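I opened the model to look up how one part of the chain is arranged and what surrounds it. My entries follow.

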Amino acid sequence: LPALGHLLGLIRAESGRHGEAVALITEAAAAYEKAVGPDGEQLLPVLRDLMRVHAARGDVLKARELINRLIGQIGPPPLDGPLERPMALLELASTHRQLADLKATDSISREALRLAEKALPRGDVGLTGYLVEVGRSC
């Protein structure tokens with residue numbers, strides 16, 4: 001049932017009912033954390049969405065707290081494709097941009113680009129698409 005609470009929270013957030021969204025997603029996060037532990041992969045998207053709702057609500061401090069937690073959890077586990085980690089970093093950079101933290105946006109975007117350039121050869125179509133995403137995040 002945590003997945004249902006998470007989904008309902010996202011629906012509430014989309015309709016502008018951020019207070020209800022925070023309550024539902026927080027409850028879902030607590031249930032996931034109890035089931036899979038504080039570092040469980042299933043918890044990451046829930047925390048990410050909770051952070052976004054807090055940011056949309058204007059609760060910058062809570063959003064930053066969740067960003068820091070997510071940074072600690074993303075760490076070095078293996079990811080499926082060569083661009084998975086850079087894309088995750090771009091999403092994080094985009095969140096920092098929404099919070100008007102331009103210094104963090106810049107440094108995270110640069111790290112994401114460095115990783116993408118290392119993973120894909122110059123001229124690769126995937127790299128071109130990735131550079132478009134970098135532009136969107138900045």
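Helices here are DSSP runs of H or I with at least four residues, and strands are runs of E with at least two, numbered from the N terminus.

I noted that this is a predicted model, in which local features need pLDDT of at least 70, side-chain atom pairs count only at pLDDT 80 or more, and totals for chains, interfaces and linings use all residues. Residues are numbered from 1 along each chain as its sequence is written, and side-chain values use heavy atoms, with hydrogens and water left out.

I then checked the span of H1: its 13 residues reach 18 Å from first C-alpha to last, close to the 18 Å expected at 1.5 Å a residue (1.5 Å times one less than the number of residues).

Which residues of H1 are buried? I found Gly5, His6, Gly9 and Ala13; buried means under 20% relative accessible area, exposed over 50%, and partly exposed in between (1.4 Å probe, protein chains only). Down the axis of H1 these buried residues fall within an arc of 100°, so they line one face of the helix; the arc is that of the directions from the helix axis to the C-beta atoms. They pack against helix H2 (18-36) and helix H3 (43-57), a contact being heavy atoms within 4.5 Å.

I also looked up Leu4, which lies in H1 (residues 2-14) and is partly exposed, with a relative accessible area of 46%.

For the whole chain, I recorded 7 helices and 0 strands, with 36% of the 138 residues buried.
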